[in-house]
Amino acid sequence: MALLDPPSKLRLDGDGSVQVQMDPNDRIGNAKVFAVYGKGGIGKSTTSSNLSAAFSLLGKRVLQIGCDPKHDSTFTLTKKLMPTVIDVLETVEFHAEELRPEDYMFEGFNGVMCVEAGGPPAGTGCGGYVVGQTVKLLKQHHLLEETDVVIFDVLGDVVCGGFAAPLQHAERAVVVAANDFDSIFAMNRIVAAIKAKSKNYDVRMAGVIANRSAATDEIDRFNEATGLKRLAHFSDLDAIRRSRLKKCTLFEMDSTPEVDAACLEYKRLAAQMWAGCDPLDAQPMKDREIFEFLGFE
């Protein structure tokens with residue numbers, strides 16, 4: 001993956017776009033690939049890990065790839081912070097041929113395989129390059145050939161093409177959002193990024209996972225206006241918060257009616273995503289338009 005192709009070879013994803021480009025040889029094989037986005041702190045990693053667990057409980061072979069320098073995407077699956085791909089590459093002076101799969105990939109809950117891509121030091125490098133190197137390593141070690149589902153858990157709001165790089169690999173993208181102004185505003189920007197990537201890649205929007213919200217009225221109103229749909233709804237359940245503190249998935253928490261209902265919702269969501277989500281041709285709003293649209297009384 002080149003950081004910047006010659007101008008004559010650039011495939012622009014949108015007006016004024018200069019993107020990290022994916023090597024066609026680095027395409028992920030036959031697995032279903034999902035990218036999970038959303039506002040920072042909205043619960044993407046918790047959602048991704050519980051969704052990975054749900055897929056595994058449906059009998060699927062799952063790989064979760066954390067795309068955040070904090071490398072905390074998978075710790076509820078593995079029970080500890082794992083070293084990142086960038087960390088281990090640095091130990092061998094970036095001679096990838098010296099690495100073994102067990103140096104950077106770790107087994108978590110119910111056989112879910114976990115990789116933390118990490119990121120460059122703050123203010124340097126590009127997140128897209130890190131994602132590309134991670135996928136390249138996985139392919140070189142033949143770790144994607146027997147994988148059914150790949151979930152990219154991507155940090156925060158989409159700001160640059162590097163953070164949107166997982167969309168070059170994904171079949172479907174989902175957004176995690178709460179029923180509030182900031183989450184929906186961020187979701188609108190993410191939808192715009194996905195629409196831009198869909199010009200040159202196979203990724204399409206699958207829908208929205210409502211999270212940490214008792215109601216979904218504002219999310220539903222935004223969905224109706226833009227052509228999105230809600231895939232699942234998880235309320236602000238204290239057991240989900242406590243599962244992070246206990247470093248475990250929701251499926252490992254003590255059984256209560258609320259926990260059991262949330263686990264069933266995760267399994268239902270996983271089954272729906274496995275069966276196939278129709279691609280949505282969502283139309284994002286302009287910033288000023290959505291600012292006016294999200295007027296709360």
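Visitor: How many bridges join β1 to β6?
Guide: There are 5, between residues 32-38 of β1 and residues 172-177 of β6. The two strands run parallel. Keep in mind that this is a predicted model.

Visitor: Which residue is the bridge partner of A35 in β6?
Guide: That is A173.

Visitor: What packs on the sheet there?
Guide: Helix α5, residues 181-197. It touches β1, β6 and β7. Its direction makes about 170° with that of β6.

Visitor: And how do β6 and β7 run?
Guide: They run parallel, joined by 6 bridges. V176 stands opposite I209 in β7. Together, β6, α5 and β7 form a β-α-β unit, and it is right-handed.

Visitor: How many residues of β7 are buried?
Guide: 7 of the 8, so β7 is largely enclosed by the rest of the structure.

Visitor: What about β8?
Guide: β8 pairs with β7 in the parallel sense, over 4 bridges. R230 in β8 is the bridge partner of V208. Between β7 and β8 the chain passes through α6, in a right-handed crossover.

Visitor: Where does α6 lie?
Guide: Helix α6, residues 217-226, lies across β6, β7 and β8. It runs at about 165° to β7.

Visitor: Zooming out, what is the strand order in the sheet?
Guide: The order is β3-β4-β2-β5-β1-β6-β7-β8. It is an open sheet of 8 strands with mixed pairing.

Visitor: Which strands stand at the edges?
Guide: β3 and β8. Each has a single partner strand, so one side of each is left without a neighbour in the sheet.

Definitions and conventions: Residues numbered from 1 in each chain as written. Predicted model: local features only at pLDDT ≥ 70, side-chain atom pairs only at ≥ 80, totals over all residues. Heavy atoms only, no water. Pairing = 2+ DSSP bridges. Contact = heavy atoms within 4.5 Å. Axes fitted to C-alpha atoms, helices over the stretch in contact; angles between N-to-C directions. Buried < 20%, exposed > 50% of the residue type's maximum accessible area, 1.4 Å probe, protein only. Right-handed = clockwise from strand over helix to strand, strands pointing away.
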